[in-house]
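User: Hi! Could you walk me through this structure in simple words?

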Amino acid sequence: MKKFYLFGIWCLFIAQFVKAQQPASPVISVNFQQATIQTVVTDIESKSSYRFYYDAAQFDSLKITLQATDKTVPAILDLAFSGTDFHYALNGQQVFLTKTKILQTTLAPGFFGIKATPGVSTAPVSPVTTFVNDGDKIIPEATTENKLYEIGVKTNTIDAGRATLSGYIRDIKSGEAVTGASIYITAQKTGVATDQYGYFTLSLPKGRHLLSIRGVGMRDTRRQIILYADGKIIIEMMEQVTSLKEVKISADKVANVRAVELGVTRLDIKSIKQVPTVFGEADILRVVLTLPGVQSVGEASTGFNVRGGSADQNLILLNDATIYNPSHFFGFFSAFNPDIVKGVELYKSSIPEKFGGRVSSILDVTDREGNKKKFTGTAGIGLITSRFNIEGPIIKDKTSFIFGARGTYSDWLLKLLPDAYKNSQASFYDFNLDISHQIDDKNNIYISSYISRDKFKLNSDTAYSYSNRNINIKWKHNFNNKLFGLFLVGSDRYQYDISSFDNPVNAYKLKFDINQTNFKSDFTYYLNTSNTITFGLNNIYYKLHPGTYGPNDAKSLALPDVVPAQQALESALYLGDKYDVNDDLSVSFGLRYSLYNFLGPQAVNNYAPGLPRSSTSLIDSTNYSSGKIIKTYGGPEIRLSARYNLGDNLSIKGGYNTLRQYIHLLSNTTAIAPTDVWQLSNPNIKPQYGDQVSLGIYKNLKSNTIETSVEVYYKRLKDYLDYRSGATLVLNHHIETDVINTRGKAYGVEFMIRKNTGSANGWISYAYSRTFLKQDDPAVGQPVNNGNFYPANYDKPHSFNFVGNYRFTHRFSLSLNVTYSTGRPITLPTGKYYYAGSERVYYSDRNAYRIPDYFRSDFSMNIDGNHKVHQATHNSFTIGVYNLTGRQNAYSTYFTQESGVITGYKLSIFAKPIPFINYNIRF
Amino acid sequence: MRKNIKYIVYLVLLIAGIACKKPYSPTLAATANNYLVVEGFINSGNDSTLIKLSHTVNLGDTVSTAAERSAALTVEGNGKTYQLNEIKAGVYAAAPLNLDASQKYHLRIKLSNGKEYLSDDSEVKLTPPVDTITYDIKSSGLQINVSAHDPAANTRYYRWDYDETWLFHAKYISNYRVVNGDILPRTSDDQVFICFGNHSSSTVTLASTVKLASDVVNNAPITNIIPTSEKVSLRYSILIKQYALTAEAFAFWENLRKNTEQLGSIFDALPSEIKGNIHNTTDAKEPVVGFISVGTMTSKRIFVDKDDLPKSWLVEYPYDCQQDSTYFVNPLSRANDVAAFIISGIYLPTYAITGPKGGPAIGYGRANPFCADCTSRGVKRRPDFWRDK
């Protein structure tokens with residue numbers, strides 16, 4: 001083969017043969033800057049009598065930068081080709097340029113008794129080598145594994161330094177960005193993961209590298225590159241069809257051990273979809289609840305508790321928009337459409353400095369980008385809800401959209417009720433619309449929007465409705481290969497209203513809403529191979545209407561009552577650095593300085609200092625004009641974590657975090673009720689403060705297919721708002737008199753084992769965790785439990801979860817889910833007495849008892865239609881049983897007087913095995 | 001409102017057949033549980049003041065034994081002291097006090113064990129009259145509503161309790177009775193067919209008008225009587241007593257209601273300690289249940305006759321009843337069943353069974369006392385307030 005090749009070259013030489021005319025000429029001067037071989041040859045030919053013969057195709061990648069004065073042509077050529085693969089051979093005035101092989105123009109020494117001419121000695125010159133971006137060079141779309149892709153401007157020599165490779169990974173089929181894919185260079189023991197937009201940046205020594213790329217649900221792939229200078233690459237990955245039902249928790253198999261963060265879990269929608277749920281529809285929040293350290297007060301409850309934090313201490317983001325109420329239908333469904341969502345990340349310990357404003361955790365839900373190549377969609381039918389989504393290009397390969405809708409048709413269920421309840425209604429819908437547009441390879445625009453609405457009404461008496469409304473626009477800009485910026489403008493709103501119309505005299509309407517306007521800028525700067533710097537500025541402007549009450553009927557006597565609007569500005573400036581000290585030690589340190597200003601107009605009540613705040617200690621109130629800064633809170637927040645590798649598959653990590661929260665959810669119920677009130681910090685209500693120290697050991701087994709971890713944590717909370725006994729939280733003009741600053745402490749240990757690949761996959765988690773609260777504010781007259789620690793509502797010491805999936809064939813798999821936890825604490829009656837014509841109960845200290853332990857197992861079968869690529873629709877079924885053993889878990893226990901006698905009841909929901917079926921179509 | 005949310009949740013689940021409700025009796029540590037319970041109010045008007053003292057007991061015990069006896073109670077204020085006397089176990093009374101409505105008063109309790117308690121000084125709340133008591137006929141039954149208003153808008157917080165009285169009859173007429181071992185016909189004086197039933201409210205009924213432009217209570221629901229209830233079998237009467245409350249007293253009652261009448265769901269408020277206005281003079285931390293208000297009480301009574309109610313409402317007799325024939329000589333066993341069942345007092349004789357040719361009774365019909373004797377559940381004495389149709 002090679003011989004044919006050389007023969008071809010030789011023929012070419014013959015074809016280009018031009019007879020030399022002049023004898024060897026003296027010296028010439030040249031100055032090439034990134035010159036192609038053509039330029040060099042033309043230049044030298046014009047200045048000398050030499051004629052060049054070469055295969056242009058072989059030299060297309062060569063760029064020569066050279067400055068030489070008064071040198072002979074051979075000397076110039078020596079300089080030009082030194083250190084490269086290229087060679088020249090002289091035959092009189094003919095110059096033959098070759099790659100790899102040296103063309104012998106003379107016979108072997110002594111063949112004819114002629115002495116071999118030694119090569120011309122090189123004069124000392126200083127080649128000036130510069131590396132610049134080649135403007136019109138297109139970014140290579142690296143699609144195959146066996147080709148060698150050249151990055152940066154090709155040079156004749158590969159310099160010793162490092163260069164920055166930045167790139168973008170996308171799905172070859174849909175053109176969608178691949179988030180969280182890992183790019184790993186085994187030889188360098190270095191790697192990086194793509195961000196949520198599919199981008200990555202990596203600093204590498206110049207030269208040849210083999211990139212190993214792994215993505216969630218994508219086929220593992222490799223790319224060969226030769227890195228000459230800073231440059232870009234686009235890598236396309238193929239979806240891994242066979243892993244359709246594989247559990248993938250983490251995008252990166254080594255992330256468990258290698259990532260600096262601790263207490264971070266990523267779940268992709270595929271693993272979420274295979275966990276059985278009560279009505280068969282994939283539910284993100286339910287799956288999050290199976291992770292260690294995440295608790296809820298019960299089934300069908302809104303909100304979740306992370307490491308002893310209350311439900312309002314979680315920042316729930318959907319494409320960077322804050323979702324205030326993450327549930328539909330009293331908590332039976334989560335607010336996120338599973339057909340739109342791409343994945344979720346839960347930060348329970350190491351919270352990146354770019355996030356803030358809540359003291360417990362961040363749940364970051366990201367939607368998929370629409371398919372940039374063709375129109376596709378899905379539709380799903382369940383027992384109570386149906387959903388639909390469509391996506392496709394607006395401009396092919398540039399702009400795409402994705403739209404999702406869900407709705408209920410549960411009213412038929414309510415129609416089956418006895419007459420007395422026939423007029424009841426309960427329904428919800430939600431819509432997502434996301435658009436992504438690639439302006440050029442440096443600029444991307446993302447628009448995402450979300451709207452949801454829940455309505456329910458009991459027998460035409462009182463109607464409730466609540467709604468989330470979110471929209472934001474993001475602009476991602478690559479300033480250069482090392483600096484990325486993300487700018488966001490958005491608006492989030494949550495509102496509810498309650499209206500009653502049964503009795504015209506009392507008919508009323510009560511409205512609540514909270515609005516926030518967000519401005520965020522976030523920058524990532526890859527300083528060098530061991531430092532990645534993030535910095536940015538966040539601003540949130542809050543406008544909150546705590547309650548607007550008024551008549552709902554012309555005859556109504558309801559007196560309009562408006563709790564004045566509250567407004568505040570929360571700003572934060574942050575700077576963080578992920579620093580790889582050496583191969584084994586990495587440190588991530590961040591500082592976030594948050595500043596909160598409570599703004600006018602507002603009338604602020606002043607209370608006598610040192611006395612419990614109550615209507616009797618109220619002195620007067622101060623009026624502040626519009627825009628006036630009434631109260632400023634703020635302070636630094638520390639985000640620190642470090643990892644030390646104890647071996648290839650073993651590491652130890654530690655972290656310390658402090659957080660501040662300026663907004664509070666006031667609730668005197670165990671779970672979040674849709675009608676709870678949010679409250680901004682003001683001069684009388686201090687912001688919440690939390691800090692957490694955590695430590696973990698991580699080990700991967702069996703070539704990273706099994707991940708294990710043990711994490712311990714201790715957490716403190718300050719100024720969490722609990723309510724006074726018998727507090728009124730709605731339409732309260734002096735809410736500060738009804739709430740009590742509470743301290744909390746939480747500690748625990750969490751174990752997790754997970755297997756991500758293979759036909760059997762899933763995870764097992766166990767957590768021992770405790771959470772206690774204490775009201776020791778001296779300004780409180782009679783604190784709960786006399787000021788001693790008491791367990792929080794969600795304090796469940798033991799919690800065990802098993803989530804497993806076994807794939808029999810590519811089309812059939814079984815999933816099993818087992819959950820056990822200690823029963824949640826309750827306040828039980830310990831005594832009784834007779835009062836007002838009835839026996840009444842006397843309650844124990846708060847949360848002194850527990851409901852019975854919780855145990856549940858669920859099972860589902862996932863059946864896919866055939867995997868033929870070319871068919872109009874792909875079908876799949878999920879059939880399963882929720883609560884397989886039919887255990888009657890206590891949802892709540894309560895004591896009520898019936899005909900003057902106290903009776904205790906235990907209420908169980910989902911008290912028997914509940915079969916479900918879900919049918920999905922993809923087109 | 002949370003109650004409603006809870007109900008929707010339950011309903012959806014109950015229809016789906018997947019929720020269930022079961023009795024629950026947790027095992028509790030037997031805690032020493034003996035806190036003073038004070039019930040009643042200081043009537044500042046021209047009516048007697050009644051205060052009941054008892055104490056809390058463990059859940060398994062009976063509350064009827066918990067009366068607090070031999071305490072010394074005094075109403076104090078405006079430089080005066082009024083003595084209360086124990087009129088029956090744990091119940092202390094004073095004659096009409098006619099207090100000065102511009103002053104504040106409190107109650108002092110000295111227990112027999114030496115502990116002493118004081119209620120907070122309370123202003124005198126004068127209660128406006130009950131305007132009307134109306135009723136609605138609903139599919140769920142007879143709904144009783146009350147309306148009131150205060151033109152001066154001083155009342156704002158209302159509480160009601162009520163006494164119900166109704167006429168009812170036994171299932172069977174007992175025409176005979178056993179007197180000293182003999183079965184004699186009843187006279188009209190000792191008939192036990194028709195009686196008066198009586199019941200006092202066992203729930204806390206409250207209303208507040210603070211969110212309304214004027215101090216008007218419009219048809220606040222007081223109670224609902226189901227169509228099959230014996231209360232509406234003949235004639236029904238309700239006396240509604242109205243009390244004006246201070247904001248603090250309202251909070252206490254509201255809390256009491258929330259804590260003991262609707263709790264447990266995760267959408268319900270968590271139970272919280274009920275803080276009254278009575279304190280141990282030496283140990284402020286000792287829990288004392290109760291709230292002592294000072295004020296007047298107003299009331300109103302209405303009657304509802306069976307003829308005012310739908311004919312389709314059919315009363316269900318609260319007991320399963322049947323009559324059997326009882327003979328002096330049982331035809332099969334030859335035993336004297338009349339002596340064994342009726343004269344022994346187990347059953348009441350209802351009618352006489354005579355032989356084919358007449359003559360003296362050879363036996364009697366018999367029925368359970370609760371089927372034939374209304375006095376087992378009511379009284380025969382016609383109350384003074386009772387007005388026939």
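This is a predicted model: local features need pLDDT of at least 70, side-chain atom pairs count only at pLDDT 80 or more; totals for chains, interfaces and linings use all residues.

User: Thanks! How many helices and strands are in chain B?

Analyst: Chain B has four helices and 25 strands. Both are DSSP runs numbered from the N terminus: helices are H or I with at least four residues, strands are E with at least two.

User: And what percentage of chain B counts as buried?

Analyst: Of its 389 residues, 39% count as buried. A residue is buried if 20 or more other C-beta atoms lie within 10 Å of its own, exposed if 12 or fewer, and partly exposed in between, with C-beta atoms placed from the backbone.

User: Which residues touch the most other members of the largest nonpolar core?

Analyst: Those are B:V38, B:V146, B:Y158, B:I240 and B:L245, in a core of 81 residues. Strand 13 (residues 157-169) of chain B gives the largest share of this core, seven residues. A nonpolar core here is a set of buried Ala, Val, Leu, Ile, Met, Phe, Trp, Tyr and Cys residues joined through C-beta atoms within 7 Å.

User: What is B:V38 in contact with, beyond four places in sequence?

Analyst: Its contacts there include B:I51, B:L53, B:I109 and B:I278. Two residues are in contact if their C-beta atoms, placed from the backbone, lie within 7 Å.

User: New topic: where does B:D100 lie?

Analyst: B:D100 is in the loop between strand 7 (91-94) and strand 8 (104-110) of chain B. B:D100 counts as partly exposed because 13 other C-beta atoms lie within 10 Å.

User: Okay, sheets now. What is the order of the three strands in the open sheet of chain B?

Analyst: The order is 23-25-24, and the pairing is antiparallel. Strand 23 (324-327) and strand 24 (348-355) of chain B are the edge strands, each pairing on one side only. Two strands pair if DSSP finds at least two bridges between them.

User: How many bridges are there between strand 24 and strand 25 of chain B?

Analyst: Strand 24 and strand 25 (residues 358-367) of chain B pair over six bridges. One bridge partner to look for is B:A361 in strand 25 of chain B, which goes with B:T354.

How values were computed: Residues are numbered from 1 along each chain as its sequence is written. Chains are lettered from A and ligands numbered from 1 in the order in which they are written.
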